[in-house]
Amino acid sequence: MSEATRPPTSPPASARPPAPGDLSGATRTPVDPSAGASPIGATGPALPGHPLDNPARSSLTGPHARFAERRGRVLRYHPDVTPWLALPDDPGPQDWSDVAALAGAGASVTLTAFREPPPADWEIVFQATGVQMVDDSVAAEPDREASLLGPADVADMLDLVARTRPGPFLPRTVELGTYLGIRRAGVLVAMAGERLHPSGWTEISAVCTDESARGQGLAGRLVRAVAHGIRERGDTPFLHAAASNTSAIRLYESLGFTLRRTTSFLSALVPSDTPLPGDVRTPERRAGNLEQVGR
């Protein structure tokens with residue numbers, strides 16, 4: 001689908017009038033990794049009510065509702081799919097109690113786009129500043145070498161993720177959307193796919209290339225191919241990256257993504273002595289590797 005025919009509900013960033021606090025105008029502005037992580041819960045300015053302000057929640061209350069587990073106002077993906085948990089925009093003590101009940105005592109919970117710190121007795125095990133980037137002028141196109149990946153490829157996908165550490169990827173992550181890969185001599189050496197899916201938007205994620213195949217432009221090709229499929233169904237691509245991952249950010253900028261806002265990623269442990277209802281499931285601790293979130 002060409003830019004001219006993309007639906008008005010999801011225009012590229014350059015076509016949207018800037019709103020107060022919108023960082024879209026910061027096109028090609030490099031992220032300073034020396035700044036370190038933001039204070040807990042801090043994020044850049046947000047567009048009130050925009051689906052990308054709380055993308056996990058927008059996904060779980062929209063196109064990804066079939067993956068949602070809920071307790072009170074708290075939502076999360078099934079633990080085999082992806083570790084993201086979604087708080088309401090104004091979490092209170094009851095919401096944190098519901099997080100604990102949903103995850104289980106001692107479990108790890110993973111948050112993005114949050115604005116409030118967890119309770120004082122929760123141990124923070126990972127925290128990082130991230131960037132959220134949106135499609136502004138990506139030259140999206142299919143790739144003849146890319147093949148569609150599915151459940152039969154999960155073992156190979158997990159093996160590639162273990163070698164490249166692009167961020168959380170679990171046995172059922174492939175169910176979230178289209179994943180494309182490139183094989184050499186039968187070995188999966190590069191992939192990219194779709195993760196969060198707020199209405200009108202689709203996140204590109206799990207972008208990774210084996211060391212043996214780097215320097216060949218495979219990541220860029222796959223991102224453009226995944227973006228092409230997203231546009232074909234009328235959505236706009238977006239993605240996240242750790243602010244410290246400057247090489248990935250440079251790649252995304254060169255492909256035509258622009259900075260929308262900064263955000264925060266956090267993993268924290270539910271206190272092991274948290275009193276929970278008797279019907280709470282066994283805790284899931286698999287938070288995934290967040291060192292390079294969203295690459």
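I count two strands as paired if DSSP finds at least two bridges between them. Helices (H or I, at least four residues) and strands (E, at least two) are DSSP runs, and I number them from the N terminus.

**Entry 1, the model.** I am working on a predicted model, in which local features need pLDDT of at least 70 and side-chain atom pairs count only at pLDDT 80 or more, while totals for chains, interfaces and linings use all residues. Residues are numbered from 1 along each chain as its sequence is written, and side-chain values use heavy atoms, with hydrogens and water left out.

I looked up the secondary structure and found five helices and eleven strands. Of the 295 residues, 56% are buried (buried is under 20% relative accessible area, exposed over 50%, partly exposed in between, with a 1.4 Å probe and protein chains only). I then turned to contacts (heavy atoms within 4.5 Å). Among those between residues at least 6 apart in sequence, 78% join residues at least 24 apart.

I traced an open sheet with mixed pairing, in the order β4-β11-β5-β10-β9-β8-β7-β6. Its edges are β4 (108-112) and β6 (147-149); each has a single partner strand, so one side of each is left without a neighbour in the sheet. From one strand to the next the twist averages 30°. For angles, axes are lines fitted to C-alpha atoms, for helices over the stretch in contact, and the values run from 0 to 180 degrees between N-to-C directions.

I followed β6 to its pairing with β7 (residues 179-184), which is antiparallel and has three bridges. Leu149 has Tyr179 in β7 as its bridge partner. Helix α3 (residues 154-164) lies across β6, β7, β8 (187-194) and β9 (201-209), and runs at about 90° to β8.

I found another open sheet, antiparallel, in the order β1-β2-β3. Here β1 (68-71) and β3 (85-86) are the edge strands, each pairing on one side only. Between β1 and β2 (residues 74-77) there are four bridges, and Arg71 is bridged to Val74 in β2. Helix α2 (residues 93-103) packs on this sheet and touches β1, β2 and β3, its direction making about 30° with that of β2.

Two packed helices are described by the angle between their axes and the distance between the axes. I looked up both for α4 (residues 218-232) and α5 (residues 246-255): the axes come within 11 Å and cross at roughly 50°. That makes α4 oblique to α5 (under 35 degrees is roughly parallel, over 145 roughly antiparallel, 65 to 115 roughly perpendicular, and the rest oblique).

Ala219, Gly220, Val223 and Arg224 in α4 meet Leu251, Tyr252 and Leu255 in α5. I sorted the residues of this contact into five nonpolar, one polar and one charged. In that sorting, Ala, Val, Leu, Ile, Met, Phe, Trp, Tyr, Cys and Pro are nonpolar, Asp, Glu, Lys and Arg are charged, and the others, Gly among them, are polar.

Most residues other than glycine have a negative phi. I noted Ala185, where phi is positive, near 55°. Ala185 is in the loop between β7 and β8 and is exposed, with a relative accessible area of 86%. I also noted Ala206, with a positive phi near 55°. Ala206 lies in strand β9 and counts as buried at 5% relative accessibility.
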